[in-house]
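Dear colleague,

I am passing on the structure we spoke about, with notes on what came out of going through it. Please look at the model first and then read on.

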Amino acid sequence: MTAAALRALHHGPDLPLVLPGPWDAASAKVFADAGFPALATPSAGIAASLGYEDGSTPTEEMFAAVTRIVRAVDIPVSADVEAGYGLSAKELVGRLADAGAVGCNLEDSDHATGVLREPEAQADWLARVRAEAGDGLVINARIDTFLRGVEGTEEAIRRGRLYAEAGADCVYPILAPPPLLADIAAAVGIPVNAVVTPDGPSPRELGALGASRVTFGPGLQRRAMGAVQEMAEHLRRELRGKG
């Protein structure tokens, strides 16, 4: 359950590192029992499980949810902590340590406004987090250029290099077109995270295209809720039939 163990998984021998996204303690235990070596919480999935819109989960509730997930398993857990909730680097690292998380996602745009943060300012922030955490935290620096409509790889690579220099262990150009992953990985020089989308490549295919780490965002939670919805509809049909 150490950052060193999670960091090593990003470099093989079994790549890509596939990290399911648990939204509560029960789902975390299912994924751990299935044999996955580590987990990565999705902020949107946790928000939905707690009854909030994505980006609206109160800080205390998010960290409480992460704490319950970590407590339920004996494998490393990385936590999606969005843009850091306005905490100082020291506060953020302390909260993550208290929750038991050994990794985190930190994104470089504002959820409410969709505005990208200046990359130099984000790099400075990541460097402060790294300085506070030392080697005790795996930092996955999310790059939101593709999410926010910036075309091509130039700006994503520029940000990725700055974030790598600041101490990030991995970069996450969310929603980057899969054929661009190899170019980004080669240019940035550290592992690249890709997300599985409903109609996109499989985790194995994303690995072949250049991703060292694969996550699912809220996708697994949404699929689970789809199954719950089917069960609910089936029950209602049965009740109507008996009426």
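**Surroundings of Ser109**

Leaving aside residues up to four places away in sequence, Ser109 touches Ala83, Val115, Leu116, Arg117, Asp144 and Arg148. Please keep in mind throughout that this is a predicted model. Ser109 is found in the loop between β4 (103–107) and α6 (119–133), and because its relative accessible area is 5%, under the 20% limit, Ser109 counts as buried. Two of the residues it touches are also polar partners of its side chain: the side chain of Asp144 is joined to that of Ser109 by a polar contact of 2.5 Å, and the side chain of Arg148 makes another with the side chain of Ser109, at 3.0 Å.

**Salt bridges**

The structure holds 10 salt bridges, and a few of them are described here. The side chains of Arg95 and Glu60 meet in one, with an N to O distance of 3.0 Å; since Arg95 lies in helix α5 (residues 89–99) and Glu60 in helix α4 (residues 59–72), the pair ties together parts that are 35 residues apart in sequence. Of these two, Arg95 is partly exposed, with a relative accessible area of 26%, whereas Glu60, at 52%, counts as exposed.

A salt bridge of 2.6 Å, N to O, brings together the side chains of Arg130 and Asp169. This pair links distant parts of the chain, with Arg130 in helix α6 and Asp169 in the loop between α7 (154–165) and β6 (170–173), 39 residues apart. Both Arg130 and Asp169 are buried.

Within helix α7, Glu155 forms a salt bridge with Arg159, the closest N and O atoms being 2.8 Å apart; because the two are four residues apart in that helix, about one helical turn separates them.

**The three-stranded sheet**

There is an open sheet of three strands in the order β1-β8-β7, with parallel pairing. Strands β1 (17–18) and β7 (193–195) stand at its edges and have a single partner strand each, so one side of each is left without a neighbour in the sheet. Three bridges join β7 to β8 (residues 213–215), and the bridge partner of Asn193 in β8 is Arg213.

**Helix α3**

In helix α3 (residues 43–50), Ser43, Ala44, Gly45, Ile46 and Ala47 are buried, and just after this helix Gly51 takes a positive phi of about 90°.

How values were computed
Residues numbered from 1 in each chain as written. Predicted model: local features only at pLDDT ≥ 70, side-chain atom pairs only at ≥ 80, totals over all residues. Heavy atoms only, no water. Buried < 20%, exposed > 50% of the residue type's maximum accessible area, 1.4 Å probe, protein only. Polar contact = N/O pair within 3.5 Å; in protein donor to acceptor, adjacent residues only side chain to side chain. Contact = heavy atoms within 4.5 Å. Pairing = 2+ DSSP bridges. Salt bridge = Lys/Arg side-chain N within 4 Å of Asp/Glu carboxyl O.
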